[in-house]
Amino acid sequence: MTADGVEALYPFLYATEGDADTVLRDVARSTREKVAETDGLRAAVVARDGARMQACATALAASFRAGGRLLAFGNGGSSTDANDVVNLFVAPPEGSRPLAALALTADVAVVTALANDVGFDVVFARQIAAWGRTGDVAFAVSTSGGSENVLRGLEEAKGRGLVTVGLAGYDGGRMAAAGTVDHLFVVPSPSVHRIQEAQTTVYHLLWALTQQAL
């Protein structure tokens, strides 16, 4: 990222005044602006996709009722979000029903073996081929919607009869065009930070709606 790009994100770091109060005011203003942007984005996505979230949760609940499990995956920060999705379903707040879920990024030995011996593009597809059963859920998280290994994972899942759920940013990227996602939720923002923050809201809502459906 260029200096101009960093300065646009964090202008308070480039303050020319040495006054600490001025810097703190800039930090507070920048934070408020980012929070407002994220809140607006979350509200817009929920307003647009609320009915589809309910339909997705109904499909997830049907899968869990039938003994299915959720397989979540993604790269980088989206890998962390995929792990959080699994933790939410497996170890929910007290009073909620635990549900079977597995993070395909959690086993470093498996991921690195597949990446080293076969290729990084198949680290999720191969695991879905091994673990996935008809009626299970493949839950893909991506900011770009264009990660090759995520797309191959969804393709493998679709071919094996899994329910496919995708979270993407920007305009949905290749994930939106692939035709392999039954339930796709796109966060329309050019900022990776805002996309990931809004995606967190989406999967928490899907979890809550699934709990209600069950």
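How many residues does helix 8 have, and how far does helix 8 reach from its first C-alpha to its last?

## Helix 8

Helix 8 runs over residues 192-213, which gives 22 residues, and its first and last C-alpha atoms are 31 Å apart. That is close to the 32 Å expected at 1.5 Å a residue. Keep in mind as you look around that this is a predicted model.

Now for the side of burial. The buried residues in helix 8 include R194, Q199, T210 and Q211. Also buried there are I195, A198, V202, L206 and L209, along with Y203 and W207.

## An aromatic pair

The count of aromatic pairs comes to 2. One of them joins F73 and F124, with ring centres 5.1 Å apart and planes at 35° to each other.

Where do F73 and F124 lie? F73 belongs to strand 1 (residues 70-73), while F124 is in the loop between helix 4 (108-117) and helix 5 (125-131), so the pair ties together parts that are 51 residues apart in sequence. F73 is buried, at a relative accessible area of 0%, and F124 is buried too, at 2%.

## A positive phi at Y170

Most residues other than glycine have a negative phi. Y170 is not a glycine, yet its phi is positive, at about 55°.

You will find Y170 in the loop between strand 4 (163-169) and helix 7 (173-178).

Notes:
Residues numbered from 1 in each chain as written. Predicted model: local features only at pLDDT ≥ 70, side-chain atom pairs only at ≥ 80, totals over all residues. Heavy atoms only, no water. Phe/Tyr/Trp six-rings, centres within 6.5 Å; stacked < 30°, edge-to-face > 60°. Helix = DSSP H or I, 4+ residues; strand = E, 2+ residues; numbered from the N terminus. Buried < 20%, exposed > 50% of the residue type's maximum accessible area, 1.4 Å probe, protein only. Expected span 1.5 Å × (residues − 1).
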